[in-house]
Amino acid sequence: MSESAAELYTTKADFAYLRVKELILSGKLLPGSVIAQAQLARDIGISTTPLREALRRLKSEGLVELDAHRDARVAPLAAEEARDLLELRRSLDPLAIGLAAERRTKADIAAMRTAHEGLKPLPGNPDYEQFVAHRRFHAALYSASHNDLLIQTLDGLWDKADRYRRLALEVERGQAARDRKAAEHEALLEYVIAGDAESAAAVMREHIDTSLGAQAAWRLRKHADPGA
């Protein structure tokens, strides 16, 4: 990226934050890998000062680790974090979708339908835009809850969760599993539009329990404790 590209953003630190986050979530910067700051700054067309500011922001979100010597690395994946994310989403996503079914507006319905158009379950080795499309659909659903604290919390979980989804996709899903996820997306949309909070929440619970995040949590737990 060039300096002129960076200038399109409010600050170069904002630009650096978005670019580095994309590199992490796309898997181009691998979990646990050292971030060569001088080289990365050159690659994205900025100085190291805004890059360090961006890294501090990413540290606050749990995506980067910084030590006292300013060395930086991508936060590793952990079985405990995968478990924690899954437990939170098992509680919060069904709550959000139930509220969305009760509170959705015509504008919400239009946004959900637009986000659903062309949406496909994530393939193996998905690109960043495919992750963005997946997030856009789920965000359209839980934004219809009109509970700002709940929306902010789910937004804050999503980036971390995407790293575990990518891990799970290292094991290719069969077509039947992908078709199941597509059917769940369709059901979530239709139940929210119909105002059926109970059915929407039930589908969401199943969606989370069989999600890529759940698969990643199981995989990491087995790796950490093969006898479990």
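Modeller: Helices and strands here are DSSP runs, numbered from the N terminus. Keep in mind that this is a predicted model.

Biologist: Which residues does UniProt list for "domain: HTH gntR-type"?

Modeller: The UniProt record, an unreviewed entry, lists residues 10-77. Over that stretch the chain is 51% helix and 9% strand. The C-alpha atoms at its ends are 31 Å apart.

Biologist: Now helix packing. At what angle do H5 and H11 pack?

Modeller: Start with the rule: angles over 145 degrees count as roughly antiparallel. H5 covers residues 79-103, and H11 covers residues 212-224. They pack at about 150 degrees, with axes 8 Å apart. The two helices are therefore roughly antiparallel to each other. H5 passes H11 in a left-handed crossing.

Biologist: Which residues meet there?

Modeller: From H5 come Ala79, Ala82, Arg83 and Leu86. From H11 come Ala214, Ala217, Leu220 and Arg221. Sort the residues of this contact by type: 6 are nonpolar, 2 are charged and none is polar.

Biologist: Next, salt bridges. How many does the count come to?

Modeller: The idea is a side-chain nitrogen of Lys or Arg within 4 Å of a carboxyl oxygen of Asp or Glu. By this rule the count comes to 13 salt bridges. Take lysine 21 and aspartate 159: their side chains meet in a salt bridge, at 3.0 Å from N to O.

Biologist: Where in the chain do lysine 21 and aspartate 159 sit?

Modeller: Lysine 21 is in helix H2, residues 12-25. Aspartate 159 is in helix H8, residues 148-168.

Conventions. Residues numbered from 1 in each chain as written. Predicted model: local features only at pLDDT ≥ 70, side-chain atom pairs only at ≥ 80, totals over all residues. Heavy atoms only, no water. Axes fitted to C-alpha atoms, helices over the stretch in contact; angles between N-to-C directions. Helix = DSSP H or I, 4+ residues; strand = E, 2+ residues; numbered from the N terminus. Parallel < 35°, antiparallel > 145°, perpendicular 65-115°, else oblique. Left-handed = near helix turned anticlockwise from the far one by under 90°. Contact = heavy atoms within 4.5 Å. Nonpolar A, V, L, I, M, F, W, Y, C, P; charged D, E, K, R; others polar. UniProt positions renumbered as here; feature names shortened; annotations may be inferred.
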